[in-house]
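Dear colleague,

I am handing over the structure below for your reference. My findings follow directly after it.

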Amino acid sequence: MAKKTTKTSKKPVRQKAKGRRQKAKPGWGKLGKALDGVRILDFTHVQSGPTCTQLLGYMGADCIKIERPGVGDITRTQLRDVKGADSLYFTMLNGNKRSITIDSKHPKGKEIIERLVKACDVLVENFAPGTLDRMGFTWEHIHKLNPRMILASVKGFGPGPYEECKVYENIAQCAGGAASTTGFREGPPLVTGAQIGDSGTGLHLALGIVAALYQRDRTGRGQRVLCAMQDGVLNLARVKLRDQQRLKHGPLEEFSQFGEGISFGKAVPRSGNDSGGGQPGWILKCKGWETDPDAYIYFITQAPVWEPICDLIGKPEWKTHPDYAKPPARLPRLKQIFATIEAWTMTKTKFEVMDLCNQHDIPVGPILSMKEIAEEQSLRDTGTVVEVDHPVRGKYLTVGNPIKLSDSICEVKRSPLLGEHTDEVLTKVLGYSAKDVADIKASGAITAPEK
């Protein structure tokens with residue numbers, strides 16, 4: 001059979017001229033930041049929204065924070081520790097931003113905001129439900145002013161019976177399933193120290209914004225992005241929804257109450273320090289626990305390293321004993337097993353335990369205090385903890401970008417003073433003349449009323 005031939009439409013590849021020097025690309029981190037060119041109209045306050053916009057600022061976005069003249073974000077004065085200076089509550093959530101003061105109720109103020117809507121890519125807000133609409137900035141109006149605008153919002157609840165309710169951090173933790181599953185079985189529900197309701201939802205919103213910007217490149221239009229705090233907490237507590245479904249098929253055997261012979265109810269119980277995964281774990285005392293509230297370590301009895309654990313704690317016979325050798329046999333005896341391990345950890349500091357266990361790939365983690373974290377040099381070296389200089393309060397520590405990009409190097413900048421960039425934004429972003437700015441100031445649209 002004859003071999004069939006087909007025509008090809010491929011064009012010949014052009015050969016590079018010999019001896020011609022190719023232009024070298026700039027090195028890593030020399031081509032700007034990931035979100036350079038993206039402008040954020042930051043209508044956020046307190047924590048959930050500012051967490052989002054600060055992260056976008058770390059990525060290179062130009063965040064223009066709108067604040068009320070003479071007052072600003074309420075957190076500027078909340079939990080204040082230095083008289084006359086912005087509080088750490090504010091400074092640690094509003095780095096890498098510019099501040100402009102605008103009275104949104106003033107006609108000229110509304111005109112400035114409308115011009116900002118036209119000049120920005122994303123509007124981020126976390127007002128109480130309906131507030132932005134009452135200000136005259138409905139989604140329809142915003143989209144008419146700028147069809148490419150992305151309107152990103154944090155709300156307490158999504159559409160449903162509770163969507164008009166005001167929500168704060170701990171309420172979100174309770175409504176999202178975190179509090180009911182946190183704490184000890186015999187105690188009340190507890191909220192966690194990590195701000196999973198506010199900051200957690202802000203992180204979710206930032207991801208939604210970046211996705212919307214990416215989609216806009218294809219569609220040419222903006223869209224609404226909504227993150228409900230209840231939804232964000234539930235996403236972070238999804239393993240508990242997993243366990244709720246597992247309960248239909250029998251007890252949760254990795255929970256210590258199973259080994260204690262205590263029956264399970266209809267809902268996932270509070271499990272103290274039990275591991276949320278398939279590997280049993282518990283917080284154990286270490287040397288010095290009597291006087292140091294953080295002299296503890298989290299210890300996981302991972303199956304592949306069970307034999308090294310037995311050797312370390314002086315129980316080599318457990319490696320072959322039928323009551324301890326295999327994971328299913330150990331589950332009913334977890335309380336006794338961890339008590340035995342704790343007798344060993346109490347003879348050593350938490351860092352000594354960590355050093356010894358790491359030699360055998362045994363997963364452990366010291367309970368680090370905030371003082372220890374603030375002083376940890378490795379976190380300074382990676383830019384996770386950053387010292388920033390402020391013109392009023394002086395130097396303070398903040399958390400840098402938790403996301404490290406190799407070609408978008410983060411530079412953490414201090415938080416802005418109230419209205420620090422008002423003139424700059426009016427002239428360089430919106431194109432107002434010096435006379436225009438003077439007239440705007442005289443109108444009271446960007447200045448606090450005289451007392």
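Asn96 counts as buried, because its relative accessibility is 11% and the cut-off for burial is under 20%. The model is a predicted one, and this residue sits in the loop between helix H2 (88-91) and strand S3 (97-101). Asn96 is not a glycine, yet its phi is positive, at about 60°. Most residues other than glycine have a negative phi. Val46 is another non-glycine residue with a positive phi of about 60°. Val46 belongs to the loop between S1 and helix H1 (48-58), and with a relative accessible area of 18% it is buried.

Turning to the chain as a whole, its secondary structure comprises 18 helices and 11 strands. The radius of gyration is 28 Å, whereas the globule rule gives 22 Å for 451 residues; the chain is therefore more spread out than a compact globule. Its C-alpha trace spans about 90 × 85 × 45 Å along the principal axes. Buried residues make up 41% of the 451 in the chain. Among contacts with a separation of 6 or more, 66% are between residues 24 or more positions apart.

The accessible surface of the chain amounts to about 25,400 Å², and carbon and sulfur atoms hold 55% of it. As to charge, there are 65 positive and 51 negative side chains. The centres of these two sets are 10 Å apart.

In soluble globular proteins, nonpolar side chains tend to be buried together. In this model, the largest nonpolar core contains 30 residues, and Ile112, Leu116 and Leu123 are those with the most contacts inside it. Two or more residues each are given to this core by strand S1 (39-43), strand S2 (62-67), helix H3 (107-119), helix H5 (139-145), helix H17 (422-429) and helix H18 (434-443). H3 provides the largest share, which is four residues. There is also a second, separate core of 29 residues, which includes Leu55, Val167, Ala172 and Ala206.

Leu123 is buried, because its relative accessible area is 0%. Leaving aside neighbours within four places in sequence, Leu123 is in contact with Leu41, Phe43, Val117, Leu132, Ile142, Met149, Ile150, Leu151 and Ala152. With Leu41 the sequence separation is 82 residues, while the two C-alpha atoms are separated by 4.6 Å.

Which residue lies 304 residues from His390 along the chain, with the C-alpha atoms separated by 9.5 Å? That residue is Asp86. His390 is part of strand S10 (residues 385-390) and is buried, with a relative accessible area of 3%. Apart from neighbours within four places in sequence, the contacts of His390 are Asp86, Thr91, Lys395, Tyr396, Arg414, Ser415 and Leu417.

Asp243 lies in helix H9 (residues 238-246). Is this residue, Asp243, buried or exposed? Asp243 is buried, since its relative accessible area is 1%. Not counting residues up to four places away in sequence, Asp243 touches Leu252, Glu254, Phe255 and Val268.

Finally, Ile313 is placed in the loop between helix H11 (306-312) and helix H12 (327-330). Ile313 has a relative accessible area of 12% and is buried. Beyond its neighbours within four places in sequence, Ile313 is in contact with Trp318, Thr340, Ile341 and Trp344. From Leu88, Ile313 is 225 residues away in sequence and 44 Å away in space, C-alpha to C-alpha.

With kind regards

Definitions and conventions
Residues numbered from 1 in each chain as written. Predicted model: local features only at pLDDT ≥ 70, side-chain atom pairs only at ≥ 80, totals over all residues. Heavy atoms only, no water. Rg over C-alpha atoms; globule rule 2.2 N^0.38 Å. Buried < 20%, exposed > 50% of the residue type's maximum accessible area, 1.4 Å probe, protein only. Contact = heavy atoms within 4.5 Å. Areas by Shrake-Rupley, 256 points an atom, 1.4 Å probe, with all protein chains shown as cover. Lys, Arg positive; Asp, Glu negative; His and termini not counted. Charge placed at Lys NZ, Arg CZ, Asp CG, Glu CD. Core = buried A, V, L, I, M, F, W, Y, C linked by side-chain atoms within 4.5 Å.
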